[in-house]
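Q: I am new to this structure. Could you take me through its features one at a time?

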Amino acid sequence: MSGIKGRFGIASAAVATAMALTPASAQAPELAMLNSLDKGTWELRLRPEGTTQRICLRTGREFIQLRHRQPNCDRFVVQDERNEVTVQYTCRGNGYGRTTIRREGPDVVQIRSQGIHGGAPFSIEGEARHVGSC
């Protein structure tokens, strides 16, 4: 038993050392899907009412806080996949939200966001499409 236990301990230590020595550049950047979206103007069509709004996308992160436009909100990445991200955020004194963005194609994303803004609940569901430059 002690031989097997010892070998597992050595293997575990080797894996931990290899992970510690892996350069950060080898890891995928956080929210890479948002980084890969085309920059420029996106048109967000809200469901079910069909209203639209235009958003100038510079980083992709503009989709996260559709109701809370102020900077310096605390964010927590809940899910960070190749074609879908979920971010929960808190804007001190102004509420919070949770947004899921799912990429359907190079120029189309589905967005769901809900939370509290200015003391009132909100819920957003819609589709955004890249329509040109800002």
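A: The model is predicted. The side chain of Arg129 makes a salt bridge with Glu127, with 3.0 Å between the closest N and O atoms.

Q: How many salt bridges does a search of the whole structure find?

A: Six. Among them is the pair of Arg102 and Glu104, whose closest N and O atoms lie 2.9 Å apart. Another one is formed by Glu43 and Arg45, at 3.7 Å between the closest N and O atoms.

Q: How do I decide whether a pair counts when its distance is 3.7 Å?

A: Compare the distance with the cut-off: a side-chain nitrogen of Lys or Arg has to be within 4 Å of a carboxyl oxygen of Asp or Glu. The pair of Glu43 and Arg45, at 3.7 Å, counts as a salt bridge.

Q: Which residues are linked in a network of salt bridges?

A: Glu43, Arg45 and Arg54 are linked in such a network.

Q: Now the strands. Which strand does β1 pair with, and in which sense?

A: Look for the bridges that join two strands, then for their relative direction. Strand β1, residues 40-46, pairs with strand β7, residues 120-132, through six bridges in the antiparallel sense. Within this pairing, Arg45 is opposite Glu127 of β7.

Q: What is the general idea for side chains along a strand?

A: In a regular strand, side chains alternate between the two faces of the sheet.

Q: How many bridges join β6 to β7?

A: Ten bridges join them, and the two strands run antiparallel; β6 covers residues 108-117. His117 has Ala120 in β7 as its bridge partner. The two strands form a hairpin with two residues between them, and Gly118 in the turn has a positive phi of about 60°.

Q: How many disulfides are there?

A: The count comes to two. One joins Cys56 to Cys134, with 1.9 Å from S to S. This pair links distant parts of the chain: Cys56 lies in strand β2 (residues 52-57) and Cys134 in the segment after β7, 78 residues apart. The angle about the S-S bond of Cys56 and Cys134 is 115°, and the link is right-handed.

Q: What about the link of Cys73 and Cys91?

A: Their sulfur atoms are 2.0 Å apart. The link of Cys73 and Cys91 is right-handed, with 105° about the S-S bond.

Q: Which of these cysteines are buried, and which are exposed?

A: Cys73 is buried at 13% relative accessible area, and Cys91 is buried at 2%. Cys134 counts as exposed at 58%, while Cys56, at 25%, counts as partly exposed.

Q: What is the pairing of the bonded cysteines in sequence order?

A: Number the bonded cysteines along the protein chain; the pairing is then 1-4, 2-3.

How values were computed. Residues numbered from 1 in each chain as written. Predicted model: local features only at pLDDT ≥ 70, side-chain atom pairs only at ≥ 80, totals over all residues. Heavy atoms only, no water. Pairing = 2+ DSSP bridges. Helix = DSSP H or I, 4+ residues; strand = E, 2+ residues; numbered from the N terminus. Disulfide = S-S within 2.5 Å. Buried < 20%, exposed > 50% of the residue type's maximum accessible area, 1.4 Å probe, protein only.
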